[in-house]
Amino acid sequence: MSTATTHDAHHEHQPSGIMRWLTTTNHKDIGTLYLLFSLLMFFIGGAMAMIIRAELFQPGLQMVNPDFFNQMTTMHALVMIFGAVMPAFVGLANWLVPMMIGAPDMALPRMNNWSFWILPFAFLMLLATLFMPGGAPAGGWTLYPPLSLQTGMAFPFLIFAIHMMGMSSIMGAINVVVTIFNMRAPGMTFMKMPLFVWTWLITAYLLIATMPVLAGSVTMLLTDKFFNTSFFNAAGGGDPVMFQHIFWFFGHPEVYILILPAFGIVSQIIPTFARKPLFGYSSMVYATASIAFLSFIVWGHHMFTVGMPIKGELFYMYATMLIAVPTGVKVFNWVSTMWKGSMTFETPMLFAVAFVFLFTIGGFSGLMLAITPVDFQYQETYFVVAHFHYVLVTGAIFAIMAAVYYWIPKWTGNMYDEKLGKLHFWISCISVNVLFFPQHFLGLAGMPRRIPDYAVQFTEFNMISSIGGFVFGLSQLMFAYIVFKTIRGGAKATDQVWEGAHGLEWTLPSPPPYHSFTTAPEVK
């Protein structure tokens, strides 16, 4: 009996139309709302990125004034992180976690509804700052004082919007934890949970631990601006570097919040299309937990240039390098899963393989940035921009796209257009590298980030980067078209959508009778 029918049985007069979506407590409806909201935010954040790349197409100031350029870099980051990537992962968790553990719904359905409906209002407030006197915040997404305190009346709106996003995240995370702990089907032990469930459980703990830290840091900014406190004001005995410590104690676990669910998605997709069980299931679980633990003790690597003592720099350098070990275990396990598998390359698998390869490039540039003396050269250059966009675009966003192609037959009952999906993949994959790879060279040559103008020697790489950006941005319209076309109709999806050796976990009754981590059945 599906969730929808149990709901019907309990409520004969189920609301329809707009009220259904406003009042729904069904995990599938809420998952859909999150995913559609994140798609909308993806395009809004993408439009901001297009403004940034248009301005940087050639040296000089052509398109926008420098203030507006800085507002765009700030807003692009906030919208993409809190509006596109995180809600997409929460939407996937809502749809899939109950199914994967054999639960009828999320544990706290009304809170689930609330944690979604906070978001549109938070982002209305955030985007409204663009139209206020003095404009949106222009201090970068990190909001470093004293720069961030120069914002006009938009500032309290920004802080309140961040608080609302944080509330939404914390409630969503509590819901995931309670659901996984209390609602697993009989026989579904922790070490039998699909890896997507594991990565989300660990991500939820990171969210609960770090979001209040962000809330504290921005509240101190607020009181510094409006209530004459001096937390970060040196003139009153405060310390602007303290803000960086508090912010990055949230900010570094946050970057793992943005990537761990992607690891889970890829760990579901690769075994399916390799027709093999995942290699090293338990080591994947332990690697995920180690990454989460280590993420709390490396925040100082964002601050190598603030003048910390050499012992501190050494500690953060070694701790950061240590995080590469569990990450390397994951990459090794994904490659080993594919090794000698009967692989086919449908669209979800193409995105998953691209994820493994390109995310690894982002990992290597991260290791370079971990080396303290080297970081002194790269800090605040385009090398850092290239690094985190390889992790977040070809990492997190490619994994989200892989997940959509992989699970959309389950969600809609229809197959997506495979030819269009592959076309979308190839255009995205080529253009995203044209966009971000040259930025490594720009950074190594010394081009600073967050600056609307640059010296003439950087022109060619910036032009190449911008062209890649425009193609990548436009090709995402194709993604939206494929998604809406699939929702509207198409070939009906069968029970065995992907013809694997073992039926997919999501096509079988939950809990899945066979799990891809014990012994593999015979390959047909």
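Me: Hi! How many cavities of 30 Å³ or more does a search of the whole structure find?
Reply: Hello! The search finds 3 of them. Keep in mind that this is a predicted model.

Me: Good to know. What volume does the largest cavity have?
Reply: The largest cavity comes to about 150 Å³.

Me: And which residues lie nearest its centre?
Reply: Met 86, Pro 87, Val 90, Ser 168 and Ser 169 lie nearest the centre of the largest cavity, out of 16 residues that line it.

Me: Which helix gives the largest share of that lining?
Reply: That is α4, with 5 residues. At least two residues each come from α4, α6 (154-182) and α7 (195-226).

Me: How does the lining of the largest cavity divide into nonpolar, polar and charged?
Reply: There are 12 nonpolar residues and 4 polar ones, with no charged residues.

Me: Switching to pockets now. What is the volume of the second largest pocket?
Reply: Its volume is about 600 Å³. The lining is made of 28 residues, and Thr 32, Leu 35, Leu 36, Trp 411 and Ile 487 are the ones nearest the centre.

Me: Which elements give two or more residues to the lining of that second largest pocket?
Reply: Those are α2 (18-23), α3 (27-55), α4, α14 (382-412) and α16 (459-488). Of these, α3 gives the most, with 8 residues.

Me: What about classes in the lining of the second largest pocket, how many are charged?
Reply: This lining has 3 charged residues, along with 20 nonpolar and 5 polar ones.

Me: Okay, new topic: how many residues are in the largest nonpolar core?
Reply: The largest nonpolar core holds 163 residues, and Phe 82, Trp 334 and Phe 355 have the most contacts inside it. Helix α4 (residues 66-101) supplies the largest share of this core, 23 residues.

Me: Let's look at Phe 355. Which residues does it touch, leaving out those up to four places away in sequence?
Reply: With those left out, Phe 355 touches Ile 259, Ala 262, Phe 263, Val 266, Trp 334, Thr 360, Thr 394, Gly 395 and Ala 399.

Me: Does Thr 288 count as buried or exposed?
Reply: Thr 288 counts as buried because its relative accessibility is 1%, and buried means under 20%.

Me: What does Thr 288 touch, again not counting residues up to four places away in sequence?
Reply: On that basis, Thr 288 touches Thr 199, Ile 202, Leu 260 and Lys 330.

Technical notes
Residues numbered from 1 in each chain as written. Predicted model: local features only at pLDDT ≥ 70, side-chain atom pairs only at ≥ 80, totals over all residues. Heavy atoms only, no water. Core = buried A, V, L, I, M, F, W, Y, C linked by side-chain atoms within 4.5 Å. Buried < 20%, exposed > 50% of the residue type's maximum accessible area, 1.4 Å probe, protein only. Helix = DSSP H or I, 4+ residues; strand = E, 2+ residues; numbered from the N terminus. Contact = heavy atoms within 4.5 Å. 1 Å grid on protein atoms, 1.4 Å probe; cavity = no way out; pocket = protein on both sides within 12 Å on 5 of 7 lines; lining within 4 Å. Points joined across faces, edges and corners; volume = space filled by probe spheres on them. Nonpolar A, V, L, I, M, F, W, Y, C, P; charged D, E, K, R; others polar.
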